[in-house]
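Dear colleague,

Here is the structure I said I would pass on. My notes on its helix packing follow below.

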Amino acid sequence: MQESKRQKQIGQLLQKELSDIFQRMGFNVLEGGMISISTVRMTPDLLEARVYLSMFQIADNHAMVNRIKERMGEIKKELGNRVGKQLRRVPEISLFLDDTLDYVFKMEELFKKIKDDEGGKDNK
């Protein structure tokens, strides 16, 4: 099902504000890795935001998500202060790992391996 215009607008607003909150709280660069919010999808009733986190060079992604969840009350309070005038209610936030970056790296490795294998066959 396709998102409505309002869902997309709210999703973009939350993505922008959450990115800024993460940067201020120090979640964007941790332990030599980076965390970014790749997308925010809203439910049709605008009561739940599904936030997809992209992590680069983070050793344990799930542990990092748990660290963020521990501070979710603080994050939601700050989000409420920022978007309180635009929204009646601050949506519940659900965090999900966006594994697109992992998939891209895996595909690049496979293509490189195929290219190397073909290069080896040409020399024989």
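The crossing of H1 and H3 is right-handed. Please keep in mind that this is a predicted model. Two packed helices are described by the angle between their axes and the distance between the axes. Here the axes of H1 and H3 come within 10 Å, and they cross at roughly 125°.

On the H1 side, the residues in contact are Leu-13, Leu-14, Glu-17, Leu-18, Asp-20, Ile-21, Phe-22, Arg-24 and Met-25. They meet Glu-74, Ile-75, Glu-78, Leu-79, Arg-82 and Val-83 in H3.

H3 itself runs over residues 72–83, which is 12 residues. From first C-alpha to last it reaches 16 Å, close to the 16 Å expected at 1.5 Å a residue. Its buried residues are Met-72, Ile-75, Leu-79, Gly-80 and Val-83. These cover an arc of only 135° around the axis, so they sit on the same side of H3. Gly-73, Lys-77 and Asn-81, on the other side, are exposed. The buried residues of H3 pack against three elements: helix H1 (5–25), helix H2 (61–70) and strand S4 (92–97).

H2 has buried residues as well, namely Asn-61, Met-64, Val-65 and Ile-68. Seen down the axis of H2, they fall within an arc of 100° and therefore line one face of the helix. His-62 and Glu-70 are exposed, on the face of H2 turned away from its buried side.

Regards

Technical notes: Residues are numbered from 1 along each chain as its sequence is written. This is a predicted model: local features need pLDDT of at least 70, side-chain atom pairs count only at pLDDT 80 or more; totals for chains, interfaces and linings use all residues. Side-chain values use heavy atoms; hydrogens and water are left out. Helices (H or I, at least four residues) and strands (E, at least two) are DSSP runs, numbered from the N terminus. The expected span of a helix is 1.5 Å times one less than its number of residues. Buried means under 20% relative accessible area, exposed over 50%, partly exposed in between (1.4 Å probe, protein chains only). The arc is that of the directions from the helix axis to the C-beta atoms. Contact means heavy atoms within 4.5 Å. Axes are lines fitted to C-alpha atoms, for helices over the stretch in contact, and angles run from 0 to 180 degrees between N-to-C directions. A crossing is left-handed if the near helix is turned anticlockwise from the far one by less than a right angle, and right-handed if clockwise.
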